[in-house]
Amino acid sequence: MTAKSVTYSSTRGTQKSLSFRTAVMTGLAHDRGLFVPDTFPTVTSEELESWRNLSYADLAIEVIGKYVGDDQVPRKILEGIIKRSCGAFRSAEVTPVVKVDGHYVLELFHGPTFAFKDVALQMLGNFFEYFLSTGSNGGRLAVLGATSGDTGSAAIYGLRGKKGVDCIILFPEGRVSEIQERQMTTVKDGNIHCVSVEGTFDDCQDIVKASFNDKAFRDRVKLGAVNSINWCRVLAQTTYYFWSYLRVTDKEKDVTKVNFSVPTGNFGDILAGYYSKRMGLPVGDLIVATNENDILHRFFTNGEYHREEIHKSISPSMDICVSSNFERYLYHLAGDDSTTLASWMSAFESTGKLTITGKKLDEARADFKSARADTADTLETIKKYHNEFNYMLCPHSAVGVSAIHQLNTANSATVALATAHFAKFGDAVLMAVGPLPGIPKELSRLWSMDTRKSKCPNDAKVVQAFMEKRIEERVRNEEVDGKRKKTLRQLILVSAAVALVAVLMRRRK
């Protein structure tokens with residue numbers, strides 16, 4: 001564990017050298033930038049080898065401990081947070097690695113909501129709980145998140161019932177799968193609110209960003225973030241790159257570097273792989289795999305990060321036309337120069353276009369490869385893996401697998417990240433195979449449960465007003481409940497006192 005924790009600064013330069021606690025609780029920087037590490041801790045080959053026989057939780061303690069020292073979270077507390085988070089998974093390995101068709105698949109769908117985001121959001125919820133209980137924000141946090149499908153339910157399951165936390169999740173009406181919506185709207189905890197918004201995921205994300213940029217609102221409600229703009233999410237995901245590298249090289253003794261293919265929307269998942277590589281993990285190719293919404297593939301192909309209309313696809317969690325986490329990578333591509341990055345983002349925000357050429361584009365292509373899989377490619381991959389290998393892929397995972405075949409890297413040195421369970425996207429999978437194999441009981445029972453959601457127009461001010469009203473209602477209900485409990489305790493004490501007096505009177509007689 002580091003003697004002193006890594007600090008964080010905004011990609012846009014106005015907030016510098018913040019602590020881990022502050023970066024996590026703040027979420028989005030006040031200048032609209034994202035927090036990045038000021039330094040990257042290193043992992044030597046000897047140290048990596050010494051981790052080979054660790055459990056997933058113990059490995060996570062070592063990896064995250066490289067960033068988070070005792071000055072931020074005491075070691076014993078950190079161990080408790082991580083082990084409690086890993087304990088929410090159905091697999092003892094947390095993220096098992098299996099071999100299919102000569103390459104490896106990292107199964108990231110064994111958490112409470114059957115999606116990779118559980119890995120980070122179980123942990124983030126427990127970090128929030130610890131920080132609030134030890135003085136941050138006066139013990140209060142109002143989380144506002146946007147989801148294209150999986151972040152919402154994972155955030156809800158990570159934050160439900162947490163003391164002092166209100167969680168409001170925005171999702172685009174009609175643009176998430178039915179199961180994804182039910183995973184969110186069947187949770188009835190008083191601190192959880194699901195809001196469908198008329199628009200796209202990018203509209204929801206814009207509302208979140210606008211709310212963070214509204215200082216008065218941000219300070220009034222103690223605003224926090226669960227989207228992958230929050231550094232803790234990226235950090236939590238680095239562990240499974242180390243884990244899968246070790247599992248592959250357990251079996252493949254001649255492999256020295258491991259390639260990773262990542263279904264990519266908001267860029268947070270593959271960014272964790274990039275940071276793992278910067279720490280010293282022997283990573284070969286990092287493959288950005290996109291669906292029809294291919295702004296990232298276009299960037300790595302010809303340097304054009306140009307915003308286009310969103311195409312509704314069968315892999316809805318990747319239906320994104322602006323990748324929020326990409327700003328973190330652009331900052332590094334700019335040589336960690338916040339002035340250059342800020343000018344790039346200003347131009348992009350005003351025109352919807354950013355074009356990189358020359359040596360910078362060559363550098364980006366050296367860091368990442370990319371491929372695009374449309375609906376036909378995706379369905380063909382799902383069908384092939386089911387028919388030939390008896391292995392089921394969700395549409396997003398199939399995009400990542402398609403990419404390694406397109407790039408001729410489907411071999412024993414490659415890991416494709418399986419980001420969700422196929423049953424979350426049953427209608428899409430049925431377009432390729434049928435009938436579906438057994439559906440997990442945790443998902444099938446959602447259809448018999450009552451749901452609860454609210455609707456808001458695509459308007460940040462309306463959403464903010466809704467959010468403040470719900471927070472006020474919860475606080476009022478907690479106060480009433482607190483008074484009721486206090487009255488009950490007083491009645492119990494009075495009753496006990498009366499009973500004691502009665503006993504003493506009988507003894508005197």
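Where is Asn-137 found? Asn-137 sits in the loop between helix H5 (117-133) and S5. Helices here are DSSP runs of H or I with at least four residues, strands are runs of E with at least two, and both are numbered from the N terminus. This is a predicted model, in which local features need pLDDT of at least 70 and side-chain atom pairs count only at pLDDT 80 or more, while totals for chains, interfaces and linings use all residues. Residues are numbered from 1 along each chain as its sequence is written, and side-chain values use heavy atoms, with hydrogens and water left out.

Asn-137 has a phi near 60 degrees, a positive value in a residue other than glycine. With a relative accessibility of 27%, Asn-137 counts as partly exposed; buried means under 20% relative accessible area, exposed means over 50%, and partly exposed is in between, using a 1.4 Å probe and protein chains only. Asp-336 has a positive phi too, of about 55 degrees, although it is not a glycine. Asp-336 lies in the loop between helix H13 (326-333) and helix H14 (338-351), and its relative accessible area of 36% makes it partly exposed. Another loop, the one between H18 and helix H19 (441-444), holds Pro-435. The peptide bond from Gly-434 to Pro-435 is cis, with omega near -5 degrees.

Now for the sheets. Two strands count as paired if DSSP finds at least two bridges between them. Strand S6 (residues 165-172) and strand S7 (residues 192-197) pair in the parallel sense over 6 bridges, and the bridge partner of Phe-171 is Ser-196 in S7.

The side chain of His-193 reaches the backbone oxygen of Gly-190 at 3.5 Å. A polar contact like this is a pair of N or O atoms within 3.5 Å; within protein, one must be able to donate a hydrogen and the other to accept it, and residues adjacent in sequence count only if both atoms are side-chain atoms. Leaving aside neighbours within four places in sequence, His-193 is in contact (heavy atoms within 4.5 Å) with residues including Cys-167, Arg-452 and Phe-466.

A second open sheet has 6 strands, ordered S3-S4-S14-S9-S10-S13, with mixed pairing. Here S3 and strand S13 (369-372) are the edge strands, each with a single partner, so one side of each is left without a neighbour in the sheet. Neighbouring strands of this sheet are turned by 25 degrees against each other on average, direction ignored. Within it, strand S9 (residues 258-263) and strand S14 (residues 414-418) pair in the parallel sense over 3 bridges, with Phe-260 standing opposite Val-415 in S14. Helix H10 (residues 231-251) lies across S3, S4, S9 and S14, and runs at about 135 degrees to S9.

Buried in H16 are Thr-378, Leu-379, Thr-381, Ile-382 and Tyr-385. They cover an arc of only 160 degrees around the axis, which puts them on the same side of H16; the arc is that of the directions from the helix axis to the C-beta atoms. What covers these buried residues includes strand S3 (97-100), strand S4 (103-107), helix H17 (395-406) and helix H18 (426-429). The face turned away from the buried side carries the exposed residues Ala-376, Asn-387 and Glu-388. At the N-terminal end, Asp-374 caps H16, with a side-chain oxygen 3.2 Å from the backbone nitrogen of Ala-376.

How values were computed:
Axes fitted to C-alpha atoms, helices over the stretch in contact; angles between N-to-C directions.
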